[in-house]
Amino acid sequence: MSDAALPAPTADEALHTTVDLPFEDAVPFVQLEHELADFETVRVTRLDEMIEGMLGHDDVERTALIVVCHPEIAYDALRIDPTLAGMLPCTTVVYERAGDDRVHVHHVSATKAIRDLGCASAADCDEDAVEDLVAKTGELMAIVWENIETHGRE
C-alpha cells in the first residue's frame with residue numbers, strides 16, 4: 001500500500017463511538033458531556049436540516065455538529081501562533097446511518113490537524129508546544145469520551 005493510501009494520523013486517531021439514545025436525546029447529551037469537561041458550546045447545527053432548507057435535499061440522515069471550544073486549548077493555541085485560531089474550535093458530529101439502530105458520535109481532533117498540517121505561519125514554531133497542545137486536548141477529550149461511553153449505553 002502506498003503512503004498516499006494510508007489515512008493521515010489525524011483521521012486514523014479520530015474518536016468514534018455509538019450511544020443507545022434516540023438521536024434527539026443524543027445531541028444534547030453529547031453537548032452536555034463536553035460542557036462538563038469545561039468545553040464551551042459555540043454552536044449546535046443540524047446539517048441535515050440546513051441542507052434540506054437551503055438545497056431541498058431531504059435524503060441526508062440526521063446529522064448534528066456540536067462545535068465547542070475549551071479555553072485552555074484556545075489559549076495555548078493562540079500562544080503558539082495566533083493564526084492557529086483559524087483551526088479552532090473543536091467539532092463533534094452526532095449522526096445516524098440507514099439500517100443502523102445506533103446513533104454514532106465522531107470527533108476529529110483540531111489540534112492533531114494542527115500538528116499534522118504544520119504550525120501555520122510561525123517560522124519559529126515550538127513543536128514541543130504543539131505536542132503539549134495535542135496531549136492536553138487528548139486528555140480533555142478522553143474524559144468526554146469516557147463519559148459518553150459510560151453514560152450513553154444501556
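User: Which residue in β4 is the bridge partner of V67?

Analyst: The bridge partner of V67 is T91, and T91 also stands opposite V108 in β5. Strands here are DSSP runs of E with at least two residues, helices are runs of H or I with at least four, and both are numbered from the N terminus. This is a predicted model, in which local features need pLDDT of at least 70 and side-chain atom pairs count only at pLDDT 80 or more, whereas totals for chains, interfaces and linings use all residues. Residues are numbered from 1 along each chain as its sequence is written, and side-chain values use heavy atoms, with hydrogens and water left out.

User: OK, and how many bridges does β4 make to β3, and how many to β5?

Analyst: β3 (residues 63–69) and β4 pair in the antiparallel sense over six bridges, and five bridges join β4 to β5 (residues 103–108), again antiparallel. Two strands are taken to pair if DSSP finds at least two bridges between them. On the β5 side, T92 has H107 as its bridge partner.

User: What order do the strands take in the sheet?

Analyst: The order is β1-β5-β4-β3-β2, an open sheet of five strands with antiparallel pairing. Because β1 and β2 stand at the edges with a single partner strand each, one side of each has no neighbour in the sheet.

User: Is β4 mostly covered or mostly open?

Analyst: β4 (residues 90–95) is mostly covered, with five of its six residues buried, where buried means under 20% relative accessible area with a 1.4 Å probe, counting protein chains only.

User: Switching to helices, which strands does α6 touch?

Analyst: α6 packs on the sheet by touching β1, β4 and β5, contact meaning heavy atoms within 4.5 Å.

User: And α2, what do its buried residues pack against?

Analyst: The buried residues of α2 (residues 23–36), among them F23, A26, V27 and V30, pack against β1, β2, β3, β4, β5 and α6. Leaving aside residues up to four places away in sequence, V30 touches I66, T92, V94, V105 and I148.

User: Which residues touch the most other members of the largest nonpolar core?

Analyst: They are V19, V30, F39, V94, V105, V144 and I148, in a core of 31 residues; such a core is a set of buried Ala, Val, Leu, Ile, Met, Phe, Trp, Tyr and Cys residues joined through side-chain atoms within 4.5 Å. The elements that give two or more residues to this core include α2, β4 and α6, and α6 gives the most, with seven residues.

Terms used. Buried < 20%, exposed > 50% of the residue type's maximum accessible area, 1.4 Å probe, protein only. Expected span 1.5 Å × (residues − 1). Axes fitted to C-alpha atoms, helices over the stretch in contact; angles between N-to-C directions.
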